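Trainee: I am new to this structure. Could you take me through it in short steps?

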Amino acid sequence: MKNKLFNHIKKVIKRDGLDTDSREQQYHYRRIFLYALLRKHGYSLTNSGKLFNRHHATIINGLKVYDAIKKDAVFLDYVESYRVEFEPYLHYTLKPDDHNLASQVLRCVDFWQMVELQEKIKLGYFKKGKY
């Protein structure tokens with residue numbers, strides 16, 4: 001399911017021009033909706049950023065904005081078509097083990113996975129109530 005979501009988002013980014021430099025509200029809101037969806041499914045900030053031609057810091061900021069406006073009527077209006085299109089992926093929750101730091105460390109097989117794990121720790125990923 002994870003690869004299917006990744007490929008679907010990749011197609012939508014190209015189709016809707018979300019990898020451009022546009023700062024128009026409609027593009028911004030749709031991007032941050034997808035940032036949050038990727039994050040919910042466990043994608044790293046770096047990999048999410050690469051999809052959109054953005055730096056991981058942009059993804060972090062987008063996730064903060066998402067948390068602030070996820071129930072805003074204007075935001076919901078702009079992302080309604082995405083909510084319908086990505087509906088099968090919206091109710092996914094990570095396995096309980098995915099939020100266990102020790103199990104994540106033990107699953108790391110190379111340096112870059114440890115770097116991604118560091119990013120998660122810095123963002124508070126392993127604290128209750130986070131992404």
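Trainee: In what order do the elements of the chain run from the N terminus on?
Mentor: This is a predicted model, where local features need pLDDT of at least 70, side-chain atom pairs count only at pLDDT 80 or more, and totals for chains, interfaces and linings use all residues. Residues are numbered from 1 along each chain as its sequence is written, and side-chain values use heavy atoms, with hydrogens and water left out. Helices (H or I, at least four residues) and strands (E, at least two) are DSSP runs, numbered from the N terminus. The chain has 8 helices and 0 strands. The order is α-α-α-α-α-α-α-α.

Trainee: What share of the residues of the chain counts as buried?
Mentor: Buried means under 20% relative accessible area, exposed over 50%, and partly exposed in between (1.4 Å probe, protein chains only). The chain has 131 residues. The buried share is 38%.

Trainee: Among contacts between residues at least 6 apart in sequence, what share joins residues at least 24 apart?
Mentor: Contact means heavy atoms within 4.5 Å. Counting pairs at least 6 apart in sequence, the share that joins residues at least 24 apart is 68%.

Trainee: How far does H2 reach from its first C-alpha to its last?
Mentor: H2 has 16 residues. The expected span of a helix is 1.5 Å times one less than its number of residues. For H2 that expectation is 22 Å, and the model comes close to it. The reach is 22 Å.

Trainee: What covers the buried residues of H2?
Mentor: The buried residues of H2 include Ile-32, Phe-33 and Leu-34. Arg-30, Arg-31 and Arg-39 are buried in H2 too. Their cover includes H1, H3, H4, helix H5 (73-85), helix H6 (87-90) and helix H8 (111-122).

Trainee: Is Ser-22 buried or exposed?
Mentor: Ser-22 sits in the loop between helix H1 (2-16) and helix H2 (25-40). Leaving out residues up to four places away in sequence, Ser-22 touches Tyr-27, Arg-31 and Arg-54. Its relative accessibility is 19%, so Ser-22 counts as buried.

Trainee: And Asn-53, is it buried or exposed?
Mentor: Asn-53 lies in the loop between helix H3 (45-52) and helix H4 (56-69). Its phi is near 60°, a positive value in a residue other than glycine. With a relative accessible area of 53%, Asn-53 is exposed.

Trainee: How many aromatic pairs does the structure hold?
Mentor: Rings of Phe, Tyr and Trp (its six-membered ring) pair if their centres lie within 6.5 Å; planes under 30 degrees apart count as stacked, over 60 as edge-to-face and the rest as tilted. By that rule, the number of aromatic pairs is 9.

Trainee: What kind of pair do Tyr-29 and Phe-75 form?
Mentor: Their ring centres are 5.4 Å apart, and their planes stand at 75°. Because of that angle, the pair is edge-to-face.

Trainee: How many residues apart are Tyr-29 and Phe-75?
Mentor: Tyr-29 is in helix H2 and Phe-75 in helix H5, so to speak distant parts of the chain, linked by the pair. The separation is 46 residues.

Trainee: Is Phe-75 buried or exposed?
Mentor: Tyr-29 has a relative accessible area of 11% and is buried. Phe-75 has 1% relative accessibility. Phe-75 therefore counts as buried.

Trainee: Which residues do ring pairs link into a cluster with Tyr-29?
Mentor: Tyr-29 belongs to a cluster held together by ring pairs.
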